[in-house]
Amino acid sequence: MSRRIQRRRTRTALAFLAPALTVITVFVLWPMASALRASFTDSRILGEAEWVGFENYTRLLSDDRFTNALKNTAWYALVTTPVSVALALGFALLLNRRLPGRGAFRAVLFFPFVASLGVVSIAWAFLLDPQVGLVNHWLNQIGLSIGDGVRDPDWAMPAVMLVGIWRNTGFFMVMYLAGLQSIPRDIREAAVIDGAGPVGRFRYVTWPLLSNTTMFVMIIASIFAFQAFDQMYVMTAGGPFFRTETLVMLIFDTGFRDFEMGYASAMSWALVAIILLLSLVQIGYFRSRAVRY
Amino acid sequence: MRRFIVVIVLLLASAVVMLPFVWMLSASLRTQGDLLGNPATLWPGEFTWDNYLDVWRRIPFGRQLLNTVVYAGVVTCVSVVLDSMAGYAFARFEFRGRGVLFVLVLVTLMLPIQVTLIPIFQLLTDLGWVNSLPGLIVPRIADAFGIFFMRQFFLGLPRDLEDAGRLDGASEFRIWLRIMMPLALPAVLTLGLFNLLYNWNDLLWPLVVTTEEQMRTLPAGLALFKGQHSAEYGLLMAGATLALLPMVVAFVLVQRRFVEGIATTGLK
Amino acid sequence: MPRRAQLAVVALVIAVAGCGGDDDGGDSSGPTTITFWNGFTDADRPAVEEIVNRFNESQDEVVVDMTIQPWDVINQTLLSAYSAGEGPTIVAMGAEQFAGYVSTGAWAPIDEVYDEGLLDPATLPAASIEATTYEGERYGVPMSAAAGMLYYNRALFDEAGLPGPPESLEQLAEYAVTLTDYHPADETNSVYGFALPDHGALPHWPVLLWADGGGVVADDNSRSLLGEPASIEAAEFWTDLLINEHISPIGLSGVEGDNLFAAGKAAMVINGPWSSGAFTEAGIDYGIAPIPPGKATQVSAAISVNMHLAADASDAERAAAYQFFAFWNSEESQTYWAIETGYPPNRTDIPPSAVAENPTSAGFAEAVGARLYLQGLTKASQINDDVVIPTIQRMTRGEGTPAELLPEAAAQIDALLAQE
């Protein structure tokens, strides 16, 4: 391509990017830079903040609460991401075909994403209460029990994971449905004519063509998972004894309860570093498998 | 037979998935006393419509509904356009620094809002935008999520139509608007739905930016039914149910447009 | 004069006229408007709004513009606002965060309210005055004040043949064991004697420790008392009851404890006046009694919400705020407040007969030994949320005995106290 055309296209590209990037730069990147600067200070929100260099970051290394929250969050992400993405893909494939009540099923599976998580967490807390909740009431009738429910240190994390999966699966499913829309029908038909069975069709046609969507879904799913907050806040308050405390909960407490905004900012940027690393790995993985025209 | 099994599985999944909403509906149709006195049942012992009526009285529900429609609606419409343009640029144009810029955009998704809340608020104060519609809307009209989403989608679209357009001498903008956007309709609608949902249910942002009750959105209004030690569950659930109905409608409307695979007649 | 010039003059005149007396609330040209944030959502909101309306209507100099903020985001909204200089003139907050906010310089001392006789501290709850004092200066006035009391289910008591509310903590424990009917495999039929939450509620365990001569932190905030023999003994007593006698589900939050009582599945619960409405609606026949004495003393947990003045308030705003403080705590307002919400009135000079209409209010006025928990400590939230609560949670789940866990916790608290 000639340099003139290249330059014109670059200018056009920047023109397309300009509105969105302006907004993001002013209202997102600039505050983020502020937060980055704060992470090198002992900011307590009000009053003077003094520069402390990397002190906040080194403090993280020996902070047990941080390590614990990181462990919890990583564990949470490790379980909920693959499970919800796999379920989402499964449901998307099922509900992309002709099926009675397809539209209704799609709506139902998406429903958990429609209401605010804060409100549905209240519903789940009521339902899962061992003494007054419906779930245990029904289970008791058939001889089972949820024991102490979310109050049991061993079951608190699985319970909040379940709520997270419940909430996001429909959301990822709809993304997959959108992705499936972009697979031209004639390609699929060609595969059928070629004699490929459903599994073969999926493996050699659908899955590769979905790689763009899958990359998106996996990265978004892991970003969401690493920022989990709402259902823990309502259902377990991070307990029992920090078993379900996630990084964002710790950041929230450190910043807005203890007023240690400098340290909270350092924690946040450490979180960003982790998520970024994870995302770059995923991008790299998918780049080598991408289907581009 | 296999289809039958699939349907059964879906029905079971649906029952589990909908359980909290059935509870919400039930709680909204009962008195607080009935709910707390007989919690282990879905059937209202004391049925009442009062919660749905009182919700309008106890908070300026109508006004806040309007605010939410305006806020979420405007943000959705504008952000879909801006995000699509940017996503298209990332997908289809090659320019120096594209990779770095894209990663930078992604990074904005990763920092928890807890630590950017105060700087953003200070910025809005300096602009004089606190308690104003621009302050509520403008920071939201472009977001990394949408840009990422549209980029992925555009990556998967065939280039033939675009190239044909360029050969015909159409401007890039025209190609984007007339050729690519219609092809991307499912993704555009989906993104619109997501942005609508996210902003419709967003509690923290509108709460921090607006302090006057008349300017507030529904989630903020509903949060008033929660106390520090208790909650008025009937009212809260009734309000939440009313608030999610428009979202259900939006979802159904969007899903209607999802047919099996795009028509590829345009490729000829 | 040419038309354009005419318009310009008119515009100029309007501009000049509009310039006077707008921003800081100049007294000559209009009322002073002050902003007031508080978290009285839920059932108490109408009463708060009514009192504010009455204040606004009763005079022309001050207008209070109130915004109710949901409790869980109040720190975020407040700190964002303060940091940008847009904070409310008056904010009402629970005493738990008092020391933290004062030490950041967000609030101004208000001794003048008392010194100039707008309010007489002798007529206000002692716990509230203590809760708003920091290094000798007072930084707030009471908005609501109560102490935890024992709700007991009269129907369940009658069924078990118990004569009345327990008269000592030991008796409370006995009653709790009697009333407990534990069916782990069939929870719908379980009944618990005493719902004892370990988080998200007003302080329970501190009260139990205080009553038996122990405590969490010494009165002078110098060191932790958790490792003291009295504390360990009390903790062992109650932990044993929880683990072996199942008098309460373990790991309850305050809300869950209330729900249990409202469902008739807990015979006793300690709480403030705000729950009474829900219990009545749920059809529970309950009584209210003071928390009975332990081996050493009789105490209850003081709950104190107070109003604070922003440090950057102008003189006009300050005077306006003082007026509102006085109005809120006037006899009339407090009588109305007590009758409407069930809180005891803030004024000790209001006779019980005046609030007899609301038995909850009358009941809560009888609270004994109201004590503040972790008062005056900037690290109060950390001590409670990060040390005390997890320790209790571990203890009650058998992850260590009180004798093992409490001294460790005491050491952690001492370390935090040293940073004060």
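Let's start with a kink: helix H1(B) bends by about 45° at Met18(B), and a proline, Pro20(B), comes along within four residues. Keep in mind that this is a predicted model.

- Helix H1 of chain B covers residues 2-28, and its 27 residues should span 39 Å at 1.5 Å a residue.
- Helix H14 of chain B runs over residues 233-256, so to speak 24 residues in a row. From its first C-alpha to its last, H14(B) reaches 34 Å, close to the 34 Å expected at 1.5 Å a residue.
- H14(B) has a bend too, of about 25° at Leu245(B), with the proline Pro246(B) following within four residues.

**The second largest pocket**

- The volume of the second largest pocket is about 990 Å³.
- Its lining is made up of 37 residues, and those nearest the centre are Asp63(A), Arg65(A), Gln382(C), Asp386(C) and Leu416(C).
- Which helices each supply at least two residues of that lining? From chain A they are H2 (55-61), H3 (64-94), H12 (247-257) and H13 (261-287), and from chain C they are H16 (380-396) and H17 (402-417).

**A threonine in chain C**

- Thr396(C) sits in helix H16 of chain C.
- Is Thr396(C) buried or exposed? Its relative accessibility is 3%, so Thr396(C) counts as buried, the cut-off for buried being under 20%.
- The side chain of Thr396(C) reaches the backbone oxygen of Ile392(C) at 2.9 Å.

- In chain A, the loop between helix H11 (230-235) and H12 holds Pro240(A). The peptide bond leading from Gly239(A) to Pro240(A) is cis, and its omega is near -5°.
- Phe259(A) is in the loop between H12 and H13 of chain A. Its phi is near 65°, a positive value in a residue other than glycine.
- With a relative accessibility of 2%, Phe259(A) counts as buried.
- Over in chain B, Asn131(B) is placed in the loop between helix H6 (117-127) and helix H7 (133-137). Asn131(B) is not a glycine either, yet it has a positive phi of about 60°.

Terms used:
Residues are numbered from 1 along each chain as its sequence is written. Chains are lettered from A and ligands numbered from 1 in the order in which they are written. This is a predicted model: local features need pLDDT of at least 70, side-chain atom pairs count only at pLDDT 80 or more; totals for chains, interfaces and linings use all residues. Side-chain values use heavy atoms; hydrogens and water are left out. On a 1 Å grid over the protein atoms alone, a cavity is a set of points where a 1.4 Å probe fits but cannot get out, and a pocket is an open set with protein on both sides within 12 Å along at least five of seven lines; lining residues have an atom within 4 Å of a point. Grid points are joined across faces, edges and corners, and a volume is the space filled by probe spheres set on the points. The expected span of a helix is 1.5 Å times one less than its number of residues. The bend at a residue is the angle between axes fitted to the seven residues ending there and the seven starting there. Buried means under 20% relative accessible area, exposed over 50%, partly exposed in between (1.4 Å probe, protein chains only). A polar contact is a pair of N or O atoms within 3.5 Å; within protein, one must be able to donate a hydrogen and the other to accept it, and residues adjacent in sequence count only if both atoms are side-chain atoms.
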